Amino acid sequence: MFSPINSLLGFFSHDIGIDLGTANTLVLVKGKGVVINEPSVVAYDKKNKRVQAVGAEAKRMVGRTPASIVAVRPLRDGVISDFETTERMLAYFIAKVHEKTTFMVPKPRVVIGIPSGVTEVEKRAVHDAALNAGAREAYIIEEPMAAAIGAGQPVMEPTGSMIVDIGGGTTEVAVISLGGIVASRSIRIAGDEMDQEIIAYARQKHNLLIGERTAEQIKIQAGSAYPLEEEIEVTLKGRDVVTGLPKQIVLSSVEIREAISNSVNAIVEAVKATIEITPPELVADLMEYGIALAGGGALLRGLDQRLSHETKFRVYVAPDPLSCVVRGTGAVLDDLDRLRKVLVQLQYTKPPRFG
Ligand code: ADP
Ligand code: MG
C-alpha cells in the first residue's frame, strides 16, 4: 500500500542488521524485525561462475545438482573460504530486503555480525562488500558480542558476563565487560562436527552410510550432552556399507550421545579454558549472572546441564538462541551512539571502495 506516510515510515525504518553465520544468515530490518532467515548457501555454475540460487533454494540443491553446479557454504569453518561468493551472498540478501521495503528508501545503515575467526582483512572486505551492495554506512560486530547483546546481557556495565555461541562451524566463548571482550576462545567445532561424528559412528558401528542432512536430523531429534530422564530411540535410514542396499537401524539417545561426545567435550573444554583466563573479579560476577548459551547448538538437549555440572556456574539457554546475534545487531542499530564501542574498529591503510 503506497502512501506518503508509508514512504516516510520506510525512511525511518530501513536500517538493517545481518547475522552472517556459518550455517544460517538472518536479516533484520529496524522497526520490522527478522525478515530473512535462510541457510548461508550459494549454488553456482562452475563453468561461468553464475549464481544459480542463494539460501534455502541453494540448500535444497546440495547433493542433487548436475555436475557443473556446486552448492557451497562460503563461511563454513568460520573463516571466509571464498570471498567472492560471500560478497555475492551478502549483496543478494541486502538486495532482497531493499525489494521488500517501501518506495523512496534512502540507502540503509547496516550492522553485520561475523564469526570472530575472520581476519582483519576479511572484516574490511565484508564491510566494503556491504557498501558496494548499497549500504550508506556499514559496521562490523563480532558474533559473540552481538549474541551477548541479543541475549540481554549487560555488556556495557562494569560486570563480567559470559556468552557461549554454538553455531554450525564455530563455537565462540566470550567474557564481556564494559563494552569489550575481556577473554575469549573460538574453536572450529560445533554443530557440523557433531553431524560428522554421527556419520562416522553409523558407518563404523553399524555399517550404515548416511548423509549430512540425515545426521543433522538425528542430532536434532535425539542428540544430547547429558543423560536424559528418559532415553529415547530413533530409526536411522541409510545404505549398507557392504551390500549397498537400503537399510535401517534403531539408535538410542545413549549411542548418539557417545557418537557426538568428542565435539561436546571440546565445547566444554573451551568454556573451562576461557574461565581460566578470566580475571578473578569477573569470575565472581559470572557466579552471580551465570553463563548464557546462544546459537543453534544451545538447543542440544542437556548441554546447559552438562556445562553447569562441569563449571559449577548457573548455565541457561538464551531466549530464541538462533536469533540472538541478529537481534543484537538490531539493538546496536537502535542505540548506535551508546553502543558504538562494541563495534569492530577497522583500520584502513587506503580509503574504502565505494560502489
Ligand atoms: P551459525 O551461527 O554458525 O550460522 P546457527 O546458530 O544458525 O549457526 O546454528 C546452526 C547449528 O545449530 C546447526 O549445526 C544445526 O544443526 C544446529 N541446531 C539447530 N537446532 C538444533 C537442535 N534443536 N539441537 C541441536 N542442534 C541444533
Ligand atoms: Mg551464529
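Helix 5 (residues 143–150) and helix 12 (residues 324–334) pack at an angle of about 80 degrees, and their axes are 7 Å apart. This is a predicted model, where local features need pLDDT of at least 70, side-chain atom pairs count only at pLDDT 80 or more, and totals for chains, interfaces and linings use all residues. Residues are numbered from 1 along each chain as its sequence is written, chains are lettered from A and ligands numbered from 1 in the order in which they are written, and side-chain values use heavy atoms, without hydrogens and water.

Helices here are DSSP runs (H or I, at least four residues), numbered from the N terminus. Axes are lines fitted to C-alpha atoms over the stretch in contact, and angles run from 0 to 180 degrees between N-to-C directions. Helix 5 and helix 12 are therefore roughly perpendicular to each other (65 to 115 degrees). Contact means heavy atoms within 4.5 Å. Helix 5 supplies E143, A146, A147, I149 and G150. Helix 12 supplies residues including C324, V325 and R327. The contact residues divide into 7 nonpolar, 3 polar and 2 charged.

Now take the second pair. Helix 6 (residues 191–206) and helix 9 (residues 261–276) pack at about 150 degrees, with axes 8 Å apart. They are therefore roughly antiparallel (over 145 degrees). E193, M194 and E197 of helix 6 meet S261, N262, S263 and I267 of helix 9.

Next comes ligand 1. Of the 17 residues around ligand 1, T22, A23, N24, E216 and K219 come nearest (a heavy atom within 4 Å counts as near). A polar side-chain atom of T22 is 2.5 Å from an oxygen atom of the ligand. For a side-chain N or O atom of N24, the distance to a ligand oxygen is 2.7 Å. G168 uses a backbone N or O atom, 2.9 Å from an oxygen atom of ligand 1.

Technical notes. Helices (H or I, at least four residues) and strands (E, at least two) are DSSP runs, numbered from the N terminus. Angles under 35 degrees count as roughly parallel, over 145 as roughly antiparallel, 65 to 115 as roughly perpendicular and the rest as oblique. A polar contact is a pair of N or O atoms within 3.5 Å; within protein, one must be able to donate a hydrogen and the other to accept it, and residues adjacent in sequence count only if both atoms are side-chain atoms. Ala, Val, Leu, Ile, Met, Phe, Trp, Tyr, Cys and Pro count as nonpolar, Asp, Glu, Lys and Arg as charged, and the others, Gly among them, as polar.
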